[in-house]
Every structure is written in C-alpha cells, then in structure tokens.
Amino acid sequence: MAGDVALILGNQLSLGNAALGTPASRPSHVLMVEAPGEATHVPSHKARIALFLSAMRHFATTLADQGFPVHYIHLDDMPEAGLRDRLSSALARLSVRTLVVTEPGDFRVGLDIQEACAAAGVALRILPDSHFLISRADFEAWAGDRKSLRMETFYRHMRRRTGVLMEGAEPAGGIWNLDTENRSGFGAHGPPDIPAPPHFPPDAQTREVLEVVERRFPRHPGRLDSFGWPVTRAEALIALGRFIEDRLEHFGPHQDAMWTGHPHLWHAILSSSLNLGLLSPAEVIEAATNAFSARRLPLASVEGFVRQILGWREFIRGVYWRFMPELAQVNHFGHQRHLPAWYWTGNTAMNCMRETIGQTLNLGYAHHIQRLMVTGNFALLAEVQPQEVSDWYLAVYVDAVEWVELPNTVGMALFADGGRFTSKPYVASGAYTKRMSNYCRNCRYDPSTRSGERACPVTLLYWAFLDKHEDELARNPRTSLMASNIRRLSAEDRHRVRQEADALLDRVDQI
C-alpha cells in the first residue's frame, strides 16, 4: 500500500500546502492530475489553460527537486478521461490507502474527488486551506445568522483581526475605507507613462505547454503569441516586487479608469499568481504595508489595494462556500436571453465592448471595472441568463477559478442573487463609461442619447432597466435616486424607451 498520497490541485501550487505534510511526515507520493475537462467544461481561453498547465508542471519539478516522489498525469496520458476517471486510475495504480487534499477551491472539483475516493474505497482526508487569511469555519462564525452580508463590515473585522493598517484600535489615518478617493478618470489628456508589468518569456517547459494547448484546443478563444504570465513562484515574486516598486504609489486614484491601448495601467496583475498559490495573500499585503511605512506611500493607494485582498478576496471566498451549490443557479430578475455572440469575438460597433473584449481575448485579462461596469453592466442590462454570463467569465480570464468568479459575477456584476452580499445592482448608463475612459470618443453611438439611431445601447438599456424595475429600485435607499430619475420621464418617453429597448434586444447580436 502507498499509504497517504497528497493530491495537489492546480490552484494550490505552494510548498506551504498542508497536504504536503511536514519534513517529518511527508506523504508517500504526491499526485498531480491534468484533466481536459478543466479546460472544456467551459471553453477556456488558451492562455488560461496554458497558465494552469505550465504552473502545474513547473511546480511538479519544484516538488521533485525537494525530494517528493511525484506521480504526474499529463493531458495526453489519458486523452479523453475526465478528472474523476484519471483520479480513480491513479488511486488504483498507487494502491492508495488515504488521499490527503487541501480544501478544493471549486465545489465541482470537490465532488469529483469525493466520488472517486468513495468508488475506490479510499479514505479521504480534507485539510483546511491555510493559503487564506480566514478559514471557512471562522468566516461562518463571523457570518452567523446575518440575513445579508456586507464586505465593509467583514473588512473592518479582518483589519481588527490581523492588525493590518491599524493604529491601535483605530484604522490608519482614522478612516476605514478610502474608496471615494479612488474613482478618478484621466480626463482628455489620458494616462501618463506608466511602468509596464514584467513579461516572462516562455521557457522550454512553457513552450511545450503552448504547443499542447494549440494542438488540443485549437478552436478555443484567445491567443498565445503574447503569453508572458508568471508560472513559477520566483516569477510571481518578481511581479510582486515590480508592482510594489513601480505602480502601487499611484494605484489608488485611477484604479477605476480605462483607456484604449493601456490594458494594465497602475494595476497589480497579481490575481493569477494569488489564485494559483504562487503568492500568499499575507506576503502580498505585507509587501504593500511595508512599502507604505518605509516610503510613506499614499494611504488611499495602499488601503485601496489591501482592501481588494484582505477584504474582497477573502469575503468572496467565504460567500462562495456559504451559498453553494444554490449560488450557481440564482436568477433574481428571471433573465433568460442568450449571451450575444460577439462576447466571444469582440465584433460589435459598441467601442467600449469591442475594446474590453478585444483586450480580454488577446491577453486573458481585464481589470475589475472593465469586468464589472463594461461587460458585466451590459450583460445585466441586456437581460442575459446569469449562468451563461458566469460561464463566459470563467472561460476568458486567466485568473478565473470558480470560488472567486461565480460570486463576483452573479452577485456583484448581475445582482442575480437579489442582494445576499451586495447592496444594489451596479448598473450605469453610457455616461459612466464616458467619464471613466476614452472609449466613447471613437464610437458610432452617443452615450448621452437614449433613443433614436445614435442612441448608446448601454444608455437605452439602462433607462429600460429603470423603467422595468422602478418599484424595486425605489425601495432600496441606494437606488432610490435611480427610481426618481425614471419618474421624471413622460409616459410617452417611457413607452419609447421600452419599445426601442425590446427591438434592440431582439437584434443584440448585430449591434
């Protein structure tokens, strides 16, 4: 019998993974499994597939160098078998007595592991994931019997719990949240010269992965010719250091801004390394707060960055496990339309969507406002079925793993859960895009126009959304102003909005 075998999943690539044990109690083998279903259950971006496979293979090499006996199942070893079958085969081949795994990040993957072990008669030991700053059990204790959860309350709890950016019992600078200082556009002049994040040329192992991905998944979206994501811990640490040195100082004020030809701006571009396990959230936060102290960086920039990791990232993980599996099926507004075909191509006359989707397909990356207030906002206003939208987000971004993608999509972008952990639908007209970007300059549509041939589809659908959901919006203090705005329209104008919005949605694939 092989005894205890550690299963290391593709988003748990850390030597601190609890399943690896201690130097005195290592597992007899480490098992790592590449499975085609992880790339095809949604049509994953080629760069997303390549990133996971390359990072996994590099980590397997690291484990072998550390003296771990690694049993690695490559994609081509069992071409058609899924994760469950591949795992079952490995359990039999290794004569596993107990499979040890750190908590899987995805509900679906956890079920596959449980079913494979049960069928093989193998004991399964699931360990808490110490990669996060709060355990699932502690999050549940914090959530308690709250009817709705709010990130801001949780964030303050985590600040007090960890002491991050605290001065005794009070927040640094006397303010918990400086989000109101982090909403500036660039104006007509556009962004200044901004140091680019590092690009990591593919080594031989990554080049082999890129060939496999092109061969196995030729029809999947995206491109690989510019692939340069960090795939090792050493590269991830370089990326972290460059962000702290070059871009953290100015991250805050313009973190919501967008600009053609500037996909990264001041953003960290660290989420993929965090979500793979190459970086820990604790060390990322420590690097930022150390720089805050040593270099006297602006509090608005450092707090805004810390909030995304200590607050939102940890909060979203807790939300995912609290509300799964029903979270995957929520549909508060009852939306049933299909995702427009141009979400997969970028071929639309709407410049904001063309720019954001084009960037996404090229790089596998868009920052949080491009996701929330461009592609997400339109999907909500266009009444797209939430599960189709969620599948798209999971497919096209290299940092997408379900525990973070699903609640962000259905809760934050679409309000499909009805407000279990967000306080309002995040909807906006084309005026928001005009204020925060230059996308509207070269667009055939006018963001200030809600009807007629030049009407911006976002603006038209925004007013149609207000018209349709006036009563619900009026009951919510955070959206009551929206309801009062729609009431200012005449009955004739409201009728025109409804008619034109319905006509637009019937031909949404052609706009």
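With contact taken to mean heavy atoms within 4.5 Å, residues 24 or more positions apart account for 76% of the contacts with a separation of 6 or more in the chain of this predicted model. The chain contains 20 helices and seven strands, and 58% of its 511 residues count as buried. Its C-alpha atoms fill a box of roughly 80 × 55 × 50 Å along the principal axes, and the radius of gyration of 23 Å agrees with the value near 24 Å that a compact globule of 511 residues would have.

Two helix pairs that share helix 14 were examined in turn. Helix 13, formed by residues 368-381, passes helix 14 in a right-handed crossing, with axes that come within 10 Å and cross at roughly 145 degrees. In this contact, R371, T375, G376 and A379 of helix 13 meet V389, W392 and Y393 of helix 14, a set that divides by class into four nonpolar residues, two polar residues and one charged residue.

For the second pair, the axes of helix 14 (residues 386-396) and helix 15 (residues 402-413) come within 9 Å and cross at roughly 140 degrees, which makes helix 14 oblique to helix 15. The crossing of helix 14 with helix 15 is right-handed, and the contact is made by P386, V389, S390, Y393 and L394 on the side of helix 14 and by E402, E405, L406, T409 and V410 on that of helix 15. Six nonpolar, two polar and two charged residues make up this contact. Within helix 14, V389 and Y393 take part in the contact with helix 13 and also in that with helix 15.

Notes: Residues numbered from 1 in each chain as written. Predicted model: local features only at pLDDT ≥ 70, side-chain atom pairs only at ≥ 80, totals over all residues. Heavy atoms only, no water. Axes fitted to C-alpha atoms, helices over the stretch in contact; angles between N-to-C directions. Helix = DSSP H or I, 4+ residues; strand = E, 2+ residues; numbered from the N terminus. Parallel < 35°, antiparallel > 145°, perpendicular 65-115°, else oblique. Left-handed = near helix turned anticlockwise from the far one by under 90°. Nonpolar A, V, L, I, M, F, W, Y, C, P; charged D, E, K, R; others polar. Rg over C-alpha atoms; globule rule 2.2 N^0.38 Å. Buried < 20%, exposed > 50% of the residue type's maximum accessible area, 1.4 Å probe, protein only.
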